[in-house]
Amino acid sequence: MSGEARASGDARDLRAAAAGTLAAGLPARWLEEHAVLPLELGNGILVVAADGVIPTTVQDALERAFHADVQAVPFGAGDIRAAILSAPRLEPPTTNAAGAGDLLRGERTESLDDLRALASREPVIQVVNAMLAEASRAGASDVHVESRPDGLRVRMRLDGVLRDAQQLGADFRTAVISRLKVLAGLDIAERRLPQDGRARVRVGDRELDIRISTLPALHGESVVLRLLDGGHAEQPSSLEMLGLRADVLGRWRTLLQRPSGLLLVSGPTGSGKTTTLYAALRERSTPGVKVVTVEDPVEYRLDGIVQLPVNTRAGFGFPNALRAILRHDPDVILVGEMRDTETADIAVQAALTGHLVLSTVHTTDATAALARLQEMGVPPYLLSATLQGVLAQRLVRRVCGSCGAWRPLTELERARVAESDVPITQVREGAGCTTCAGTGFRGRVAIAELLVLDDALRGAFTQGASLVELRAMVRARGVRSLRDDGWRSVAAGETTIDEVVRMVSEDDGA
């Protein structure tokens with residue numbers, strides 16, 4: 001505003017404005033936080049007291065709330081906040097600002113019809129379809145749609161690493177998020193609470209199963225889409241496609257053919273545990289075998305297998321599902337995750353009574369899974385009697401087959417692999433090309449450590465041997481650590497030293 005406007009602004013009674021109808025339609029806490037106060041509205045212009053330049057997000061919120069352009073009048077932040085705090089807060093009257101408080105709190109403002117209309121606009125549909133098509137073409141596992149002050153930021157997770165995909169303007173923010181909610185059958189007008197849903201969409205000649213999760217954030221909702229390729233989800237990867245070395249694969253297959261016992265796959269989130277378990281189920285699922293799974297959620301649909309999604313809201317959690325499964329005469333049971341003592345107890349009892357039970361657990365290496373289940377309250381003697389093996393794994397990015405080339409090691413790389421038993425004299429590295437989108441990597445490969453329990457290990461565990469002692473016994477049996485298997489993958493030209501160092505710390509089962 002001009003100096004004349006500033007002078008008139010100085011003469012205004014801030015306290016009167018704070019108690020007026022314009023301010024009454026806005027949350028006092030929001031006004032105080034941003035040190036802004038509406039003074040008057042007329043001719044499509046909202047005059048606002050502010051301390052300096054109004055942030056873009058605040059200005060955008062005010063313009064949407066009052067459907068007017070914002071003009072600022074300079075006032076001290078202390079004076080503005082004092083006026084807001086001292087003003088009585090009454091129920092907001094019906095004015096042009098009605099509903100503005102809801103808008104600024106991220107609550108329901110637009111009608112359902114308005115939001116559905118936004119989500120159904122052809123440009124919005126095209127933007128979302130193009131986003132999904134690009135993610136499917138690139139082989140992304142997740143798409144992150146994040147609200148920012150200036151619009152939406154779209155990122156895709158390729159081979160475990162997030163990469164920027166595109167930026168969308170503020171005009172698309174509400175429309176795109178509403179469109180994604182419509183696809184998943186979510187409440188498009190609810191912006192205050194997290195929501196989860198699922199959608200199946202066709203992109204070109206492929207069907208995608210998509211898990212959609214929303215979160216209320218500072219600048220609006222953020223959405224994450226987990227992409228499950230429906231065309232491949234019906235037939236998950238075979239064990240050979242995981243990239244496990246021959247001796248590990250052979251021993252894992254032998255364990256899978258046992259009639260009973262507990263088999264675990266361990267690793268952090270994103271280490272491919274679910275993929276490995278589905279590949280194992282695919283191998284065990286034959287006409288003479290009854291396989292039942294309980295998962296949260298069901299990620300892939302498998303032919304010939306009974307799959308149960310847990311529903312904690314309805315009281316159908318892992319323990320209840322497991323008890324129900326045992327009455328259906330299964331041969332093989334998959335428990336999505338060992339989350340609590342009750343689930344672990346029932347799974348161990350199922351393994352003890354003649355079922356082969358497969359599950360996952362979050363531990364750094366195979367040996368640590370013993371300690372983890374013991375911490376959950378499973379007695380060591382029961383665990384020793386049922387646990388047959390633990391496969392710990394990580395996924396490292398595979399060097400691009402089109403641009404990968406061998407080169408000598410640098411001095412730093414020689415130091416990193418100096419203590420390795422695997423002879424590494426050169427490393428294969430990708431320069432970046434159109435095939436790998438300039439990253440030098442295309443796809444991922446598993447590095448793994450397989451612990452098969454024998455009588456000596458069972459006895460030591462039952463007698464209270466420490467984790468350090470158990471690891472020493474495991475290494476004495478020739479079981480390679482995750483890092484050693486990573487060096488094996490480097491020597492074979494499958495991945496790089498940096499990838500192994502990034503995914504496996506020196507303490508992970510060393």
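Below are my notes on one helix, its partner, the cores and one arginine.

**Ground rules.** This is a predicted model, where local features need pLDDT of at least 70, side-chain atom pairs count only at pLDDT 80 or more, and totals for chains, interfaces and linings use all residues. I number residues from 1 along each chain as its sequence is written, and side-chain values use heavy atoms, with hydrogens and water left out.

**Entry 1: helix H12.** I take helices (H or I, at least four residues) and strands (E, at least two) as DSSP runs, numbered from the N terminus. H12 covers residues 246-256, and its buried residues are Val248, Leu249, Trp252, Leu255 and Leu256. For me, buried means under 20% relative accessible area, exposed over 50%, and partly exposed in between (1.4 Å probe, protein chains only). Looking down the axis of H12, I find the buried residues within an arc of 125 degrees, so they line one face of the helix. That arc is taken from the directions from the helix axis to the C-beta atoms. On the face turned away from the buried side, I noted exposed Ala246 and Thr254.

**Entry 2: what H12 packs against.** I looked up the partners of the buried residues of H12: strands E10 (261-266), E14 (356-361), E15 (387-399) and E18 (441-452), plus helix H13 (273-284). Contact here means heavy atoms within 4.5 Å.

**Entry 3: H12 and H13.** How do the axes of H12 and H13 cross? They come within 11 Å and cross at roughly 60 degrees. Axes are lines fitted to C-alpha atoms, for helices over the stretch in contact, with angles from 0 to 180 degrees between N-to-C directions. H12 and H13 are therefore oblique to each other (under 35 degrees is roughly parallel, over 145 roughly antiparallel, 65 to 115 roughly perpendicular, the rest oblique). On the H12 side, Trp252, Arg253 and Leu256 make the contact, and on the H13 side Thr276, Ala280, Glu283 and Arg284 do.

**Entry 4: cores.** A nonpolar core is a set of buried Ala, Val, Leu, Ile, Met, Phe, Trp, Tyr and Cys residues joined through side-chain atoms within 4.5 Å. The largest has 44 residues, and Leu370 is among those touching the most other members. Helix H15 (residues 341-352) gives the most to this core, with six residues. A second, separate core of 31 residues includes Trp252 and Ala280.

**Entry 5: Arg444.** I found Arg444 in strand E18.
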